[in-house]
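User: I would like to learn how to read a sheet and an interface in a model of this kind. Could we go through them together, one after the other?

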There are 2 protein chains.
Amino acid sequence: MEFELIDALHARAKLRRGDVALGIGDDAAVLDVPSGTQLVACTDTMVAGVHFSEGTDATDLGWKSLAVNLSDLAAMGAEPLWSLLALTLPEADPEFVDGLGRGFAELAARHGVALVGGDTTQGPLSVTVTALGTVPCGTALTRGGAHVGDAVFVTGTLGDAAGALRLIRDPGPVTRDPDKQAALQSQSTLFQRMHRPEPRVAAGRALRDIASACIDVSDGLLADLGHVCTASGVAAALDADALPVSAELRAQFDEAACLGFAMTGGDDYELCFTAPVERESAIEAALARAGCHATRIGRIVAGVGVLVRDASGDLIETPNAGWEHFRQ
Amino acid sequence: MEFELIDALHARAKLRRGDVALGIGDDAAVLDVPSGTQLVACTDTMVAGVHFSEGTDATDLGWKSLAVNLSDLAAMGAEPLWSLLALTLPEADPEFVDGLGRGFAELAARHGVALVGGDTTQGPLSVTVTALGTVPCGTALTRGGAHVGDAVFVTGTLGDAAGALRLIRDPGPVTRDPDKQAALQSQSTLFQRMHRPEPRVAAGRALRDIASACIDVSDGLLADLGHVCTASGVAAALDADALPVSAELRAQFDEAACLGFAMTGGDDYELCFTAPVERESAIEAALARAGCHATRIGRIVAGVGVLVRDASGDLIETPNAGWEHFRQ
């Protein structure tokens, strides 16, 4: 059975790359790493009941399991090339595997990523993807390069996925939009953001020569920017009013809720990065070419931690961290 | 909590390599692939209750989760360099993580493998390891190179882990050894083979310029050699009497049981390979330098499948395949 499942996945992820000397079907894949580049590698697991609900659509799961890894590569400024997919399933379920393969392949095709290996085992539902990519030697973005005086930016909008999760958990009359059709439309956009995050691959590449530090926002802005601050030995001061929030999120939640989601909601998969203030127009131009927009949300200062101030300059009470995997 | 667990693992897997430009602690690892080599990549998941029992010692699990992946790299003739470890745990358990990290690090140190990334999530216990290595360009061993007339070889001995599993499931008076001390000793050896398989890394490298095809025996000899035959478009004829079985396995089980374990038992992690008959002495010499021995067990013939004959030349009835992950 295992081989048929792998064959089904393989058939779905048809994409071929010339640099795959040997793909799925042997003990391991053999890959040609372009000369002048460094390999960039990451792995991420999604577990049923923890990272997604049991009833999650298989195609969404396939997409997202790759997206969260491509987001990590994007945060390094890497070009994604190859992936490996380790799937654990309670029972052989060809329909589920087909759907998962379809969602995975859809995102993989969009970024030219080949599925080169994997494993299928029986057990509680989970998906572990390993993504491999490259950067020109010495150009990888890291968490450790932020300097006092740098500006802090974030791509896209924050908190949409957290808003979607709230709508699922509490589907009461939360909408503030009197137009029911418009309300359904904005909800649908938030759900799309949760289930089908778009990893900022082109933006990451565009930032390679501009940003001083970069991270992807997966556990919440404050937590992830906190990692940048720790790694760089600096602190960050953010302006609450500057945090980019989508019209769809504002249509569903009041201002305080939106701010909460933007600061600590997980699953955004936007890039938070730092750069010298004078590079702002270069950043705008580079990101525009990458089909993306970034908002300046604060600055790097001396100290420890991440502070958020409101329009009057008063400190906003913030929780310590974003999404954590072991809540006890 | 997640970060502390990862830190604990990180501290355990202390090994540093000069080709790790950036290891654990950022969104992804950055690695220098030696010029003139191809990257070799594989991933394998071990799930509690499927690949190991819930009560398995954490250090054994850490060792084995890496070993099964290094075995896949060995089958390609690759030199292992780096690994990523995705661990899913029901609850934050520092003692378990410490043990797992210790076992993982012990084997990693033996083969000079650096732990460069990973993920720790909450959920039903499972471990997914990705192993990365290299081969000189164009030298990877594959399943597809066996030719009619080639001899078939296997390293080490077969069936020990399957014997250990039988002893666990049926701990009755199976020993045939009247010396109780010796019986305990042989049982202990079989358990060691099950819990701490030694991936044949040096043997795989030594075979790179000699073997025509190679696979690691993880699902049972007949099943895995069957994959070589399918990929190469040939068949194999094996001599039952030639299958190498350890003295420890013989001490515990009768001849028929030993043969069954050797043919279809999983978890051997030996290398099964093919080569022109006239290379036998070159193979012996190369493997001796790699601290390993191989036994000639049959030959590649035209046709489909894997046949086994007894000493009189009669066909032995064999099951279709070895260990499968979805038994329905």
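User: In what order do the 6 strands of the open sheet follow one another?

Analyst: In this predicted model, the open sheet runs in the order 1(A)-2(A)-3(B)-6(B)-4(B)-5(B), with mixed pairing. Its edges are strand 1 (20–22) of chain A and strand 5 (114–122) of chain B, each of which pairs on one side only. On average, neighbouring strands of this sheet are turned by 20° against each other, direction ignored.

User: Which helix packs on the sheet and touches strand 3 (37–47) of chain B?

Analyst: That is helix 2 (residues 58–75) of chain B, which also touches strand 4 and strand 6 (126–136) of chain B, and its direction makes about 140° with that of strand 3 of chain B. Helix 3 (residues 94–111) of chain B lies across strand 4, strand 5 and strand 6 of chain B, at about 170° to strand 4 of chain B.

User: How is the size of an interface often given?

Analyst: It is often given as the accessible area lost when the parts come together. Here chain B and chain A bury about 5000 Å² between them, 59% of it on carbon and sulfur atoms, and the contact takes 60 residues from each of chain A and chain B.

User: How many salt bridges are counted between chain B and chain A?

Analyst: The count is 4, and a salt bridge joins the side chains of A:R143 and B:D27 at 3.3 Å, N to O. On the side of chain B that touches chain A, strand 3 of chain B supplies the largest share, 9 residues, while the residues of that side divide into 30 nonpolar, 17 polar and 13 charged.

Definitions and conventions: Residues are numbered from 1 along each chain as its sequence is written. Chains are lettered from A and ligands numbered from 1 in the order in which they are written. This is a predicted model: local features need pLDDT of at least 70, side-chain atom pairs count only at pLDDT 80 or more; totals for chains, interfaces and linings use all residues. Side-chain values use heavy atoms; hydrogens and water are left out. Two strands pair if DSSP finds at least two bridges between them. Helices (H or I, at least four residues) and strands (E, at least two) are DSSP runs, numbered from the N terminus. Axes are lines fitted to C-alpha atoms, for helices over the stretch in contact, and angles run from 0 to 180 degrees between N-to-C directions. Contact means heavy atoms within 4.5 Å. Buried area is the accessible area (1.4 Å probe) that two parts lose on being put together, summed over both. Ala, Val, Leu, Ile, Met, Phe, Trp, Tyr, Cys and Pro count as nonpolar, Asp, Glu, Lys and Arg as charged, and the others, Gly among them, as polar.
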